[in-house]
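I opened this model to go through a few local features one by one. My notes follow the order in which I looked things up.

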Amino acid sequence: MAKISTCKICGKEIQNKEDKFKINNKTYCKHCYDKEIIEVEARKKLIDDLCTMLELKAPTGLMLKQIKECKETLHYTYRGMNYTLWYYTVILNKQIDVKFGIAFMKYYYKEAEDYYLQIANVEKSVDKTKDIPVKIKIVKVNSNKNDKELLIDLNKFCDGS
């Protein structure tokens, strides 16, 4: 008889071998395994993006410590940290200093989250307007003036350049 295992996350007993999934010698049920795979991939992407931006082969020990602290103590998500990294470097156009690692994360995570929510709200409002039919209205201008009188010579307003 096979050994009964328990899921590392939810504690559910797993009796069948085909219902057991392992990552780093830890056993998970299918549901928790799928969630854990997403987390592992998000962490890997964060580290890869950080190394790419800083032109490093591997993250420093300080960076790994800061990522762990942000995840466990501040309850930041890996995707949120990656978005903050993007926000900090692309939107704010700031440089990351290797000697400080991702110390900026604590100060810009909420700001990046607010920015993301603003963008999401704008996209939702734009999506709502896509379904509104466009009305075309033709306006006829009746004028007693000669057409040449309606033209404006822009050169009068320029300094000649």
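Is Asp49 buried or exposed, or does it count as partly exposed? I looked it up: Asp49 counts as partly exposed, at 22% relative accessibility. My scale is this: buried is under 20% relative accessible area, exposed is over 50%, and partly exposed lies in between, with a 1.4 Å probe and protein chains only.

Ground rules. I am working on a predicted model, where local features need pLDDT of at least 70, side-chain atom pairs count only at pLDDT 80 or more, and totals for chains, interfaces and linings use all residues. Residues are numbered from 1 along each chain as its sequence is written, and side-chain values use heavy atoms, with hydrogens and water left out.

Entry: salt bridges. I took a side-chain nitrogen of Lys or Arg within 4 Å of a carboxyl oxygen of Asp or Glu. By this rule I get 7 salt bridges. Asp49 pairs with Lys45, and their closest N and O atoms are 2.8 Å apart. Both sit in helix α1, 4 residues apart, about one turn of the helix. Helices are DSSP runs (H or I, at least four residues), strands likewise (E, at least two), and I number them from the N terminus. Lys45 counts as partly exposed at 46% relative accessibility.

I then checked Asp48 and found a salt bridge to Lys44, with the closest N and O atoms 3.1 Å apart. This pair also lies in α1, 4 residues apart, about one turn of the helix. Asp48 is partly exposed at 35%, and Lys44 is partly exposed at 45%.

Next came Lys30 and Asp34, a salt bridge with closest N and O atoms 3.1 Å apart. They are 4 residues apart in α1 (residues 30-54), so about one helical turn separates them. Lys30 is partly exposed at 44%. Asp34 is partly exposed too, at 34%. Elsewhere, I noted that Lys110, Glu113 and Asp114 are linked in a network of salt bridges.

Entry: α3 against α4. I asked how helices α3 and α4 pack, and at what angle. The angle is about 90 degrees, and the axes are 8 Å apart. Axes are lines fitted to C-alpha atoms, for helices over the stretch in contact, and angles run from 0 to 180 degrees between N-to-C directions. The two helices are therefore roughly perpendicular, a label covering 65 to 115 degrees (under 35 is roughly parallel, over 145 roughly antiparallel, the rest oblique). Contact means heavy atoms within 4.5 Å. On the α3 side I listed residues including Tyr83, Trp86, Tyr87 and Ile91; on the α4 side, residues including Tyr108, Ala112 and Tyr115.

Entry: Cys7. I found Cys7 in the loop between β1 (5-6) and β2 (13-14). It counts as buried, at 4% relative accessibility. Leaving out residues up to four places away in sequence, Cys7 touches Lys12, Ile14, Thr27, Tyr28, Cys29 and Cys32.

Entry: Gln66. Gln66 lies in helix α2 (residues 61-72). I found Gln66 buried, at 14% relative accessible area. Again leaving out residues up to four places away in sequence, Gln66 touches Phe100, Gly101, Ile102 and Ala103.
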